[in-house]
Amino acid sequence: MTMVRLMNRPYEGDDGCSLAAQYEAVHPDDLHKDVMSHFPAAPASVLDIGAGSGRDAAWLADKGYTVLAVEPSETMRAEGARLHPDARITWLSDGLPGLDGVFRLGASFDLILLSAVWQHVVPGDRPRAFRKMITLLKPGGTLILSLRLGPPDTSRGMHPVSVEEIVRLAQAHGAVVKAEIGSDDQLGRSEISWSTLVLKLPDDGTG
């Protein structure tokens, strides 16, 4: 059986399908309700990194956004395309820290969404990964990322994360932290909580 990894997170056949079902059980309206006021007005271009089952990409497309859904797992991409066929979603096999495929497109984005992904990025790769994401933002663009706080599941390639790390990276790359929202785990795990950070890149005056 072939194993595909997204930033050290294994998706293997049936496991990928069961994870997709788990993701789909959480509605984006509930997951993102506290940050929706920070989304750019549609139509706008969105990069969904670690798009998984396509849940968020489909939700954004329904709202009028054009979405590039980045997901290196063939299992998850196939499941996402099956569950959410939509011409406004383009699927791409790529991932952090390099996002080489995205850069080859020569595109930039109004919004980058990184939902439940950062804990899978190896700590030593994070400065590069963050720099790559900031580079892909348009002036005045927004980066929204959620952090899984609590014991990392090392069997799924997770690593510790912190709000302080993101604040330091934002300051180093000229981004402004506009909001930090804490929330309980949507799957009811008492040992896990989440913090969602909204980062804004200053407008260079051309927008």
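**Loops, a helix pair and a pocket**

Me: Where is leucine 99 found?

Reply: Leucine 99 is in the loop between β5 and α5. Those labels are DSSP runs counted from the N terminus (helices H or I, at least four residues; strands E, at least two). This is a predicted model, where local features need pLDDT of at least 70 and side-chain atom pairs 80 or more, while totals for chains, interfaces and linings take in all residues. Numbering starts from 1 along each chain as its sequence is written, and side-chain values use heavy atoms, without hydrogens or water.

Me: What makes the peptide bond from leucine 96 to proline 97 stand out?

Reply: It is cis, with omega near 10°. Another cis bond joins alanine 42 and proline 43, where omega is about 0°. Proline 43 sits in the loop between α2 and β3 (45-49).

Me: Why are α6 and α7 called oblique to each other?

Reply: The axes of α6 (residues 126-136) and α7 (residues 163-172) cross at roughly 55° and come within 10 Å. Axes here are lines fitted to C-alpha atoms, for helices over the stretch in contact, with angles from 0 to 180 degrees between N-to-C directions. Under 35 degrees is roughly parallel, over 145 roughly antiparallel, 65 to 115 roughly perpendicular, and the rest oblique. The pair is therefore oblique.

Me: Which residues make the contact?

Reply: Arg126, Pro127 and Phe130 from α6, with Glu165, Ile166, Leu169 and Ala170 from α7. Contact means heavy atoms within 4.5 Å.

Me: Which strand gives the most to the lining of the largest pocket?

Reply: β7, with 4 residues.
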